[in-house]
Amino acid sequence: MPAAKPQKIEILFEDGSRVEEDFELLPTPLQRDLLRQPFATRPSPHPEQEKYLLLEWEDGWKEVMQVDPACTEINRYYVISRPEDMGRLSLNREDGYPDLIEVIRKPLYLRRITFIDNFHLSPTRSDREGNKTDHFFKMSNKGETFASEIVAFKKILADEKIDPKELQTEDPTLQKERFERIRQLMGLRAAFRQQDVFDFIAYLARSLSDS
């Protein structure tokens, strides 16, 4: 079951009057801006059933994002330069319409993408047309999904003396403190919203608890 999504947005005026609108009818940029806010997100009830995308750069920077459950595999990754660089990560979907994710941070230096499988990127060629250059990358499958993250997660739990089952506490304050501490130690950052990172940590905890 995916995380709960907002259904309506309500505005309260100082005179006590209210207006509301269906969330899906809001402009897409406004929806995205609202979903970035902590008050507009809820923890996933089943983080182990979500699908996560992990991006890692040459300098070790890591970002996590939840993606639509309908996404099935990576289609391709490429970068367009004109003159600024913009990465494009295409994910195939069950319904046939791929999801396109923009990679803004140093797109030419992205070196690992983990989604379903663990892929390392290497530049192959660049094609220039006018003031635009397309950069293409080879994706090499490099083993088990999230293997290095699971190893790092286990070490942090051992060092911090945390039982993975303790991360399933219903105390939101205690949970947030522990998850934030683990996030920092693992060097994880949110590609879109902070809750995605916390759900990913909960996914790792469930994986250990069930093993």
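The structure is a predicted model, in which local features need pLDDT of at least 70, side-chain atom pairs count only at pLDDT 80 or more, and totals for chains, interfaces and linings use all residues. Residues are numbered from 1 along each chain as its sequence is written, and side-chain values use heavy atoms, with hydrogens and water left out.

The protein chain contains 4 helices and 11 strands. Helices (H or I, at least four residues) and strands (E, at least two) are DSSP runs, numbered from the N terminus. Along the principal axes, the C-alpha atoms of the chain fill a box of roughly 55 × 50 × 30 Å. Of the 211 residues, 39% are buried; here buried means under 20% relative accessible area, exposed means over 50%, and partly exposed lies in between, as computed with a 1.4 Å probe on protein chains only. Contact means heavy atoms within 4.5 Å. Among contacts with a separation of 6 or more, 52% are between residues 24 or more positions apart.

Helix H3 (172-186) was examined for its length and for the placement of its residues. The expected span of a helix is 1.5 Å times one less than its number of residues. For the 15 residues of H3 this gives 21 Å, and the end C-alpha atoms are 21 Å apart, so the two values agree. Within H3, the residues Phe179, Ile182, Arg183 and Met186 are buried. These residues lie on the same side of H3, because they cover an arc of only 105° around the axis, the arc being that of the directions from the helix axis to the C-beta atoms. Thr173 and Glu177, on the other side of H3, are exposed. Just after H3, Gly187 has a positive phi of about 70°.

Strands E6 (85-93) and E7 (residues 99-103) run antiparallel and are joined by 5 bridges. Two strands pair if DSSP finds at least two bridges between them. One of the residues involved is Leu89, whose bridge partner in E7 is Ile101. The two strands form a hairpin with 5 residues between them, and Gly96 in the turn has a positive phi of about 90°. In a regular strand the side chains alternate between the two faces of the sheet. Strand E6 also holds Arg88, which is buried yet has no salt bridge. A salt bridge is a side-chain nitrogen of Lys or Arg within 4 Å of a carboxyl oxygen of Asp or Glu. The nearest side chain of opposite charge to Arg88 is that of Glu102, 4.1 Å away; Lys and Arg count as positive and Asp and Glu as negative, while His and the chain ends are not counted. With neighbours within four places in sequence left aside, Arg88 is in contact with Arg76, Tyr77, Tyr78, Ile80, Leu100, Ile101 and Glu102.

Several loops show particular backbone geometry. The peptide bond from Arg82 to Pro83 is cis, with omega near -20°, and Pro83 is placed in the loop between strand E5 (71-81) and strand E6. Phe146, a residue other than glycine, has a positive phi near 55° and belongs to the loop between strand E10 (132-141) and helix H2 (147-160). Lys161 likewise has a positive phi near 55° and is located in the loop between H2 and H3. Phe146 is buried, with a relative accessible area of 4%, whereas Lys161 is exposed, at 71% relative accessibility.

The structure holds 20 salt bridges. In one of them, the side chains of Asp59 and Arg105 meet with an N to O distance of 2.7 Å. This pair links distant parts of the chain, 46 residues apart: Asp59 lies in the loop between strand E3 (51-57) and strand E4 (62-67), and Arg105 in the loop between E7 and strand E8 (110-115). Asp59 is partly exposed, with a relative accessible area of 45%, and Arg105 is partly exposed at 22%. Lys132 forms a salt bridge with Asp134, with the closest N and O atoms 2.9 Å apart, and Asp134 is buried at 17% relative accessibility. In helix H2, Asp159 and Lys155 are separated by about one helical turn, because they are 4 residues apart; their side chains meet in a salt bridge of 2.8 Å, N to O. Asp159 is partly exposed at 47%, and Lys155 is exposed at 53%. Finally, Glu56, Lys62, Arg112 and Glu149 are linked in a network of salt bridges.
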